[in-house]
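My entries follow in the order in which I made them.

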Amino acid sequence: MKTTIGVETATAAELLRAGHVVAIPTETVYGLAANALWPPAVAEVFAVKNRPHFDPLIVHVGGVEDLPRYAVDFPAAALRLAERFWPGPLTLLLPRRPLISDLVTSGLERVALRAPDHPMTLALLALLDFPLAAPSANPFGYVSPTTARHVHDQLGGRIPYILDGGPCRVGLESTIVGFEAGVPVVYRLGGLPVEAIERVVGPVQVRATQSSNPAAPGMLHSHYAPRKPLILGDPEQLLEAHAGKRIGLLLFSPRNLSGTNVSVVLSATADLSEAAQHLFAAMRTLDQADIDLIVAERAPEEGLGRAINDRLMRAAGHRA
Ligand code: TXA
Ligand code: MG
């Protein structure tokens, strides 16, 4: 199949209406989208991504007004969060209405809903009379794509169209929030900092660091992983411990270190949002570099730094 990279929302809409799978830009990462209300199209998403059916998909909607169309009996706090942060990097896990199929939720009672904050994809959703089921547009288990080129590198030939909305502004997947007995629970750290959520709904429970999480079965520790081994820790010590190996450094901010073949700095000014924006592209660059091992340093454990560290730990956990 020939894969076209383009900027025509009308073309993407036409393909989606015909039941095809199209890659779409969002502010977090690129998604692999299909008509969420048409199971054969959703099944094609799983097939293209090589994704197991037990891992459910996020349903992308145009805005907060769509929330009651697909979810029911949700707490007032969910509505407050959607009103405050949609469109944006927040996914809400809420009791589903029956028009959302088992295929989308993997048979779970809750549906994951999110309004993506990207002008092209919001325009696309406005052209459609159905929401879009979309996982990140990478093969199952690999690092999420943050450019159209990343999508093409891995899924070119398997989908007809990639809607090119430029590099993703946030660079990390959405933060996933649900409610248990009225208490907000974060199941995946992501592009919306926990602190921002707490300012709206008060204290939340963060359950995202568990290696297996029955409420969000996709949160396995082998996710977001480059193929090269990645070790997380103090770069100086790790360089010494692995002397003789060809090492690629993934640094949060600039440092003076010798003995590496390649190094990538996530932010010259130690800025967390800039680092988040560059993280996945940096992992891809190092994965393709002529090195044996990626040595990565942690970001400060606050705000987006928590989500950056979560992805680094998962990337490292791949080989644990
Ligand atoms: O930023 C994002 O969230 C991106 C963009 C494309 O929107 N999407 C994304 O999708 O990261 P995906 O499929 O790669 O990750 C979604 C995660 C998965 O781990 C999945 O298990 C979980 O959300 N999830 C989706 N629906 C769920 C449900 N009904 N119940 C529990 N977990 C769910
Ligand atoms: Mg993913």
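**Entry: H4 and H8.** I began with the crossing of H4 and H8, which is right-handed. I call a crossing left-handed if the near helix is turned anticlockwise from the far one by less than a right angle, and right-handed if clockwise. The contact residues in H4 are Ala-77, Arg-80, Leu-81, Arg-84 and Phe-85, and they meet Ala-196, Ile-197, Val-200 and Val-201 in H8. Contact means heavy atoms within 4.5 Å. I sorted the residues of this contact into 7 nonpolar, no polar and 2 charged. For that sorting, Ala, Val, Leu, Ile, Met, Phe, Trp, Tyr, Cys and Pro count as nonpolar, Asp, Glu, Lys and Arg as charged, and the others, Gly among them, as polar.

For the geometry, I noted that H4 (residues 76-85) and H8 (residues 194-201) pack at about 125 degrees, with their axes 10 Å apart. H4 and H8 are therefore oblique to each other. Under 35 degrees counts as roughly parallel, over 145 as roughly antiparallel, 65 to 115 as roughly perpendicular and the rest as oblique. Axes are lines fitted to C-alpha atoms, for helices over the stretch in contact, and angles run from 0 to 180 degrees between N-to-C directions.

**Entry: conventions.** I noted that this is a predicted model, in which local features need pLDDT of at least 70 and side-chain atom pairs count only at pLDDT 80 or more, while totals for chains, interfaces and linings use all residues. Residues are numbered from 1 along each chain as its sequence is written, chains are lettered from A and ligands numbered from 1 in the order in which they are written, and side-chain values use heavy atoms, with hydrogens and water left out. Helices (H or I, at least four residues) and strands (E, at least two) are DSSP runs, numbered from the N terminus.

**Entry: the 11-strand sheet.** I traced an open sheet of 11 strands with mixed pairing, in the order S1-S8-S2-S3-S7-S4-S6-S5-S9-S10-S11. S1 (4-6) and S11 (205-206) stand at the edges with a single partner strand each, so one side of each is left without a neighbour in the sheet. Two strands pair if DSSP finds at least two bridges between them. S10 (residues 183-188) pairs with S11 in the parallel sense over 2 bridges, and Val-206 in S11 is the bridge partner of Val-186. H4 packs on this sheet, touching S5 (90-95) and S9 (175-180), and its direction makes about 155 degrees with that of S5.

**Entry: loops.** Which peptide bond is cis? I found the one from Trp-86 to Pro-87, with omega near -10 degrees. Pro-87 lies in the loop between H4 and S5.

I then looked up positive phi values. Asn-50 is not a glycine, yet has a positive phi of about 60 degrees. Asn-50 sits in the loop between H2 (39-49) and S4 (58-60), and is exposed at a relative accessible area of 60%. Buried means under 20% relative accessible area, exposed over 50%, partly exposed in between (1.4 Å probe, protein chains only). Asn-50 and Pro-139 are 89 residues apart in sequence, and their C-alpha atoms are 6.3 Å apart in space. Ala-181 has a positive phi near 50 degrees. Ala-181 is in the loop between S9 and S10, exposed at 84% relative accessible area.

**Entry: H1 and H6.** The axes of H1 (residues 9-17) and H6 (residues 119-127) come within 9 Å and cross at roughly 50 degrees. That makes H1 oblique to H6, and the crossing is right-handed. Thr-9, Ala-10, Ala-12, Ala-13, Leu-16 and Arg-17 in H1 meet Met-120, Leu-124 and Leu-127 in H6. I divided the residues of this contact into 7 nonpolar, 1 polar and 1 charged.

**Entry: the 4-strand sheet.** I traced an open sheet of 4 strands in the order S12-S15-S13-S14, with parallel pairing. S12 (230-232) and S14 (262-265) are the edge strands, each pairing on one side only. The twist averages 20 degrees from one strand to the next. S13 (residues 247-251) and S15 (residues 293-296) pair over 4 bridges, and Leu-293 in S15 is the bridge partner of Ile-247. H10 (residues 272-288) lies across S13, S14 and S15, running at about 175 degrees to S13. H11 (residues 304-317) lies across S12, S13 and S15, running at about 130 degrees to S12.
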